[in-house]
Every structure is written in C-alpha cells, then in structure tokens.
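Keep the viewer open as you read.

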Amino acid sequence: MRKCVLFAFIFALCSLPAAAQDYPKAEFFGGYQYTHLDPNFNASGWNASIAGNLNHWFGVAADFSGAYDSGVKFHTYMFGPVVSYRQPARVTPFAHVLIGGARASGGGTSTSGFSMAVGGGMDAKVTDHLSWRILQGDWLMIRFSGTTDRKNARVSTGIVYRF
C-alpha cells in the first residue's frame, strides 16, 4: 500500500510541469480598429497581430494595422512584449508595449517614421481555441520628419485564434 501511495505522489508531482504548460503557444488576432490621430484624423481599418507565448504570462507580439479615411492611409508595424494574466476564468487581460514604424500616405505623398503603442485589453474565451478580443486600447505615439505627436489613440476588437 505504501508503494502505491508513493507512486501516486511521485506521479502527481511529475505531472505538475505538464499542468503548468496549459497556455496557448501562439495567438493570432484579426479585427476592426478605430484610430484617432491628432488633430483631426479619425479613421476605421483593420488590426492584426501574432504573439508567441514563452510561458503562461509572457509573450512577444508582432502587430500590424491600417486605417483609412478620405484617401489617406495610415499603417503601423510594431513589435514588443506582452504580459497576460491567465486564470481559470474565461477572461484574460493583457498589457503590451509595442515599438516599430508607421507610414502615412495620401494625395500623392507619403512619409515614414517611428511609432510606439502602449496599452492592453481583454480577451473572452469562446472555445479552447477561439476568443473574442472584447477591447484593445492603445495610446499611440508617432514621429514623422522630426515632429512627435503624442495625442493619438486606437481601439480594436475582433477574433483571437489560439493554438
């Protein structure tokens, strides 16, 4: 009997690392975004990202977006760390800091520069592999031609596929 109890204890102890691995290795997000750029550019578009999770709370993301209004196009491509609070509940809040570039074009001209987004959001689990990103909100800083604009924001919502 003692051997059975000892075996069960060792088996349970050895299975703890496997239980700790219960997090998605990668997540793909795609959805709608609304962007406000100072002073008066308000546009709708798309937002997509892919994140690789290194453990249950830390990952690295690549984020891409596009916003369009009256012939003006604004695109970003940013990369950075993501911190998530995964819990048994169906909701997963997260925060990220993304750094990269931006490109604005329209009227026959275009410019490229630096972009940074600081923000986060909340995903609601629908199935084991599918979630709804209820909200992702970001403060967006851009720098074009030596001018820094810090009064920008974007809000996104969409579907997250986890694998």
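Contact here means heavy atoms within 4.5 Å. By that rule, and leaving aside neighbours within four places in sequence, Leu 37 is in contact with Phe 74, Leu 140, Ile 142, Lys 151 and Asn 152. Before going further, a word on what you're looking at: this is a predicted model, where local features need pLDDT of at least 70 and side-chain atom pairs count only at pLDDT 80 or more, while totals for chains, interfaces and linings use all residues. Residues are numbered from 1 along each chain as its sequence is written, and side-chain values use heavy atoms, with hydrogens and water left out.

Now zoom out. The chain's secondary structure amounts to one helix and eight strands, taken as DSSP runs numbered from the N terminus (helices are H or I with at least four residues, strands are E with at least two). Reading from the N terminus, the order is α-β-β-β-β-β-β-β-β. Of contacts between residues at least 6 apart in sequence, 50% join residues at least 24 apart. The chain has 163 residues, and 36% of them count as buried, meaning under 20% relative accessible area with a 1.4 Å probe and protein chains only (exposed is over 50%, partly exposed in between).

A nonpolar core is a set of buried Ala, Val, Leu, Ile, Met, Phe, Trp, Tyr and Cys residues joined through side-chain atoms within 4.5 Å. The largest one here has 17 residues, and Leu 37, Phe 74, Leu 140, Ile 142 and Phe 144 have the most contacts inside it. Strand 2 (41-53), strand 3, strand 4 (72-84), strand 5 (91-106) and strand 7 each give two or more residues to this core. Strand 5 gives the most, with four residues.

Asp 63 lies in strand 3 (residues 58-69) and is buried, at a relative accessible area of 2%. Not counting residues up to four places away in sequence, Asp 63 touches several residues, including Asn 47, Tyr 77, Leu 98, Gln 136 and Arg 154.

What does Asp 63 do with Arg 154? Their side chains meet in a salt bridge (2.9 Å, N to O), that is, a side-chain nitrogen of Lys or Arg within 4 Å of a carboxyl oxygen of Asp or Glu. This pair links distant parts of the chain, with Arg 154 in strand 8 (residues 147-162) and Asp 63 in strand 3, 91 residues apart. Arg 154 is buried as well, with a relative accessible area of 2%.

Asp 138 is buried, at 4% relative accessible area.

Elsewhere, Asp 123 and Arg 133 form a salt bridge through their side chains (2.7 Å, N to O). Asp 123 lies in strand 6 (residues 109-125) and Arg 133 in strand 7 (residues 130-144), so the pair ties together parts that are 10 residues apart in sequence. Both Asp 123 and Arg 133 are buried. In total, the structure holds seven salt bridges.
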